[in-house]
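Please look through the structure below with the sequence at hand.

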Amino acid sequence: MPKRPSDPLDVVDVDSMLTDEEKAIRATVRQVCDDLVEPHVVEWYEKGELPVARELAKEFGTVGLLGMHLEGYGCAGMSSVDYGLACLELEASDSGIRSLVSVQGSLAMYAIHAFGSEEQKQEWLPRMAAGEAIGCFGLTEPDHGSDPASMRTRARRDGDDWVLDGSKMWITNGSIADVAVVWANAGEEHGGIRGFVVPTDTPGFEAHVIKNKMSLRASVTAELTFRGLRLPADAVLPEAQGLKGPLSCLSEARFGIVWGCLGAARSALEAARRYSVERTQFDRPIAGFQLTQAKLAHMSTELQLGRLLALHLGRRKDSVGLRPEQVSVGKYNNVTKAIEICRTARTILGGNGISGEYPVMRHANNLESVLTYEGTVEMHTLVIGQALTGEAAFR
């Protein structure tokens, strides 16, 4: 008979499906988080700030975490599974920390890597991979989230230049970024939705920190505004025209979320499991009560199923690529199950579940944002529905 797993959260031995190299990468990221994030994240969250974001980026760059799944230009060129495992460990510390890394690598860097000119790649990607330059991604607007085609940010030609006017909302890294990838409607005569590489010291660029957040508090979030922001002709991403460009970037970021949210769930489940063994009521550990075991069994099963789904999608992404609806299945399932795990874990901890001494409520609050960004549950439901029926129900 096989031995019991060394990890009580891995009852079905998902780890046996990972290579030694993948486990080593995971261990490296876990150690980085233990050293740099875990001792401070509760304080950052309580204060609603991430004062060491630039320092963290440099440390993450040193170990190859930024744009780690991209090839060349100083990027590590690792697999999608490697990247997913890294996202899981980062988000096990905090969703805001994973957002810092995924916005840098899967949105800003990926956009330049996939759609930029060689000059744009050479100028920005090596510095971004090293954490010496921070990037952000401007797509969402105050009045246009799920419907980016209706964006109001405009780009017009003025001689050889481009001039941008508009605003973007909920932009991670926005107020600390050195470069912003900004999407704007340039008119049908110029290719519709176009992406622009915008140095943030360009006159007309402003970033305002968004405060009073109840979620993703250990993260830098900003509103961007552009007023007569003038850019040279070569600021446009030459290979991106229409919504296909920004939507493919979102698919990259969503893949990281498929994995990352499981880190938050794992952290909450482990806190609940450990608490249930240590907490005594009615002269016995609450782990010995059937209702508690039912909760733990359900949470554990959903976590393992989520890991299996993430690993399948990662292997497929590395071999043949993923279709958009496959990424939607991953985000839809894993984020909804992760937030359910966190909420259930909170009930096991009782009143202690709302205390900052435990990570459960912090993870649950963070996942409320993860549930919404990079596509709401409703939008991913409709993407899956369209794949099933052939009918688009978005309008």
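What follows is a short walk through a predicted model.

Begin with the annotated part of the chain. In an unreviewed entry, UniProt lists residues 241-388 as "domain: Acyl-CoA dehydrogenase/oxidase C-terminal". In the model, this span is 78% helix and 3% strand. Its end C-alpha atoms lie 28 Å apart.

Next, take two single residues. Ser106 sits in helix 5, which covers residues 95-115. Ser106 counts as buried because its relative accessible area is 0%, and the cut-off for buried is under 20%. The side chain of Ser106 makes a polar contact of 2.7 Å with the side chain of Tyr83. Leaving out residues up to four places away in sequence, Ser106 touches His69, Tyr83, Val101, Cys249, Glu252 and Ala253.

Pro324 belongs to helix 9, residues 324-349. Its relative accessibility is 52%, and exposed means over 50%, so Pro324 counts as exposed. Between Pro324 and Leu250 there are two distances to keep in mind: 74 residues in sequence, and 9.8 Å in space from C-alpha to C-alpha.

The rest concerns empty space. Rolling a probe the size of a water molecule over the atoms shows where such space is left. How many cavities of 30 Å³ or more does a search of the whole structure find? The search finds one. The volume of the largest cavity is about 50 Å³. Its lining consists of Val14, Leu18, Leu85, Trp259, Arg307 and Leu311. By class, five of these lining residues are nonpolar, none is polar and one is charged.

Pockets, unlike cavities, are open. The second largest pocket has a volume of about 570 Å³. Its lining is made up of 29 residues, and those nearest its centre are Arg30, Glu89, Ala92, Arg266 and Ser267. Which helices each supply at least two residues of this lining? They are helix 1 (20-36), helix 4 (80-93), helix 7 (244-278), helix 8 (290-319) and helix 10 (360-372). Helix 7 gives the most to the lining of this pocket, with six residues. By class, the lining of the second largest pocket has eleven nonpolar, five polar and 13 charged residues.

Technical notes: Residues are numbered from 1 along each chain as its sequence is written. This is a predicted model: local features need pLDDT of at least 70, side-chain atom pairs count only at pLDDT 80 or more; totals for chains, interfaces and linings use all residues. Side-chain values use heavy atoms; hydrogens and water are left out. On a 1 Å grid over the protein atoms alone, a cavity is a set of points where a 1.4 Å probe fits but cannot get out, and a pocket is an open set with protein on both sides within 12 Å along at least five of seven lines; lining residues have an atom within 4 Å of a point. Grid points are joined across faces, edges and corners, and a volume is the space filled by probe spheres set on the points. Ala, Val, Leu, Ile, Met, Phe, Trp, Tyr, Cys and Pro count as nonpolar, Asp, Glu, Lys and Arg as charged, and the others, Gly among them, as polar. UniProt positions are given in the numbering used here, feature names are shortened, and annotations may be inferred rather than shown by experiment. Helices (H or I, at least four residues) and strands (E, at least two) are DSSP runs, numbered from the N terminus. Buried means under 20% relative accessible area, exposed over 50%, partly exposed in between (1.4 Å probe, protein chains only). A polar contact is a pair of N or O atoms within 3.5 Å; within protein, one must be able to donate a hydrogen and the other to accept it, and residues adjacent in sequence count only if both atoms are side-chain atoms. Contact means heavy atoms within 4.5 Å.
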